[in-house]
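Good morning, and thank you for joining this group meeting.

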Amino acid sequence: MAANGTGTKPCSGVAKTSVELDFRSGARIEDLNRLIREFSKQDQREYDDHRALEIHTAKDFIFSMLGMVQKLDQKLPVANEYLLLSGGVREGVVDMDLEELSVYIRGTDYDMDFTLLVPALKLHDRNQPVTLDMRHSALCHSWLSLRLFDEGTINKWKDCCTIVDHINGGANYFFSPTRVADWFHDAIAVVLAEIQKKPQRGMPKVEKVERNGTVISIVLAVGSSRMLYDIIPVVSFKGWPAVAQSWLMENHFWDGKITEEEVISGFYLVPASSLNGKRENEWRLSFARSEVQLKKCISSSLMQAYQACKAIIMKLLSRPKAISPYHLRSMMLWACDRLPATFLAQEEYAADFLLGLIDDLQHCLVNRSCPNYFIPQCNMFEHLSDEAAVLHARKLSSVRSDPAEHLRTAIEHAKAANRLTQDVHRRGSSSGTPSPSSDAGSGDNRQPDDRLAKKLQQLVTENPGKSISVFINPDDVTRPHFRIDDKFF
């Protein structure tokens, strides 16, 4: 039977289309994927031979400085193991509070940023689960008694401790994160003043040294590059904390890709307290070493979506600073556990990953619940007030309604940062600013640095976004003692 004048059957529905749309915003998934790729391109740092040599020169300067800090009063371990992470504290590479940090902007204040964890104390001789004193602390936090260490260590550090009478009599020295940070900042200031009395040609220029809570931020100008180092005094442990032991019993996305031994090789206490904790005594557990390993198992498309999402929320949720990029990183790790690896490996799903991360963050805000990936019983949003949670959830709702526009804004910010960086490079080149190799002497003397620059460029190209462990002997800072994930150089 004809349903209309043409004698054709009525249309049963809208014709199917091959164009995939986001239900909430109406944005074309293909367009979102294109914008994410464009953001990744603009956000990517470029490393030529010259830049690689500048990175190496800045690294050597920082390590030489720390070697001098160790010799100043012998507090730091003689043979130390640092963890160098790509990205500053503000990028969420470590679970630190951002409220006390000054605002630094890429392009305006620096070109590249790193976080360096410097062990003030090490406990590396234990194979059993490490039991910490959490009686006075919130979950994921602990006090640290120096009773775990020998008498010589106690005598060296007692001026950086708070003293509590022990139940069995005598004094119990608790390692104080704020006092350690005070000592560390003062020691670095003394060493830098000494270095600057005898400046050498090609040596980095210290543009800024700033204490941000318990983080020491140093901006170095090397040739035409500016590098931000966020340096954090920490306590380093081998093994795994007992409070996170149950996490090892669960199934995880990295099972079969890396070994458990790689994941649980060690952890840190970083100088950060809980909302109601005693700031002068409380440290926060950090699994930064494990996260370096887990990062190897995350697909490039998910990582691109995470970086784009991070750029959006850092601008949008910058005030009040209740949300850290580290929270988003934790949600990404939970998503890796929740979703099939075959799904997360699809390059064309980057837009879905971005939208999913926004949805996850909004869900966590509405419920004021963001479980720590390694200690799920620790809620990292417990400190949020209802008002702050609702405020941030509403801001995220605007992103979810028009993700393409927010991606375009993030791309423009990345382009502006790149233009500022290029302007600095041009000014540095035209003004004749000494480069790290400008005092190298003859061509023969320059060859080792040239080879090293090429080697560093190759490492960066082959290991995009990966973090670096650095091993250093303060009596010999001339050789590159560093590791990218499981590769040694």
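What follows is a short tour of the chain, its cores and its helix packing.

Please note that this is a predicted model, in which local features need pLDDT of at least 70 and side-chain atom pairs count only at pLDDT 80 or more, while totals for chains, interfaces and linings use all residues. Residues are numbered from 1 along each chain as its sequence is written, and side-chain values use heavy atoms, with hydrogens and water left out.

Let me begin with the overall picture. The secondary structure comprises 13 helices and 13 strands; helices (H or I, at least four residues) and strands (E, at least two) are DSSP runs, numbered from the N terminus. The chain has 489 residues, and 52% of them count as buried. Buried means under 20% relative accessible area, exposed means over 50%, and partly exposed lies in between, with a 1.4 Å probe and protein chains only. Among the contacts (heavy atoms within 4.5 Å) with a separation of 6 or more, 74% are between residues 24 or more positions apart.

I turn now to the interior. In soluble globular proteins, nonpolar side chains tend to be buried together. A nonpolar core here is a set of buried Ala, Val, Leu, Ile, Met, Phe, Trp, Tyr and Cys residues joined through side-chain atoms within 4.5 Å. The largest such core has 118 residues, and those with the most contacts inside it are Ile62, Met65, Leu116, Phe175 and Ile231. Helix 10, residues 350-367, gives the most to this core, with 10 residues. Apart from it lies another core, of 17 residues, including Met96, Leu117, Val270 and Ala272.

Which residues does Ile62 touch, not counting those up to four places away in sequence? They are Leu116, Ile218, Leu220, Tyr229 and Ile231.

Helix 2 has 25 residues and reaches 38 Å from its first C-alpha to its last, close to the 36 Å expected at 1.5 Å a residue; the expected span is 1.5 Å times one less than the number of residues. Because 18 of those 25 residues are buried, helix 2 is largely enclosed by the rest of the structure. Just after helix 2, Gln74 takes a positive phi of about 60 degrees. Helix 4, with 21 residues, reaches 30 Å between its first and last C-alpha, close to the 30 Å expected. Its buried residues include Pro177, Trp183, Phe184 and Ile195.

How do these two helices pack? Helix 2 (residues 49-73) meets helix 4 at an angle of about 110 degrees, with their axes 9 Å apart. Axes are lines fitted to C-alpha atoms, for helices over the stretch in contact, and angles run from 0 to 180 degrees between N-to-C directions. Helix 2 and helix 4 are therefore roughly perpendicular to each other. Angles under 35 degrees count as roughly parallel, over 145 as roughly antiparallel, 65 to 115 as roughly perpendicular and the rest as oblique. The contact involves, among others, Phe61, Met65 and Leu72 of helix 2, and Trp183, Ala187 and Val191 of helix 4.

Pro204 sits in the loop between helix 4 (177-197) and strand 6 (205-212). Is Pro204 buried or exposed? It counts as buried, at 7% relative accessibility. Pro204 and Ile62 are 142 residues apart in sequence, yet 9.6 Å apart in space, C-alpha to C-alpha. Leaving aside neighbours within four places in sequence, Pro204 is in contact with Thr57, Ala58, Phe61, Leu220, Ala221 and Val222.

Helix 7 (residues 300-316) and helix 11 (residues 386-401) pack at about 135 degrees, with axes 11 Å apart. That angle makes helix 7 oblique to helix 11. Ile312, Ile313 and Leu316 of helix 7 make the contact with Lys395, Leu396 and Val399 of helix 11. Leu396 counts as buried, at 0% relative accessibility. Its C-alpha lies 8.0 Å from that of Ile313, across 83 residues of sequence. Beyond its neighbours within four places in sequence, Leu396 is in contact with Ile313, Leu316, Ile358, Leu361, Gln362 and Leu365.

Finally, helix 8, residues 325-338, has 14 residues and reaches 20 Å from first C-alpha to last, close to the 20 Å expected. Helix 8 is mostly covered, with 11 of its 14 residues buried. What covers those buried residues includes helix 6 (288-295), helix 7, helix 9 (341-344) and helix 10.
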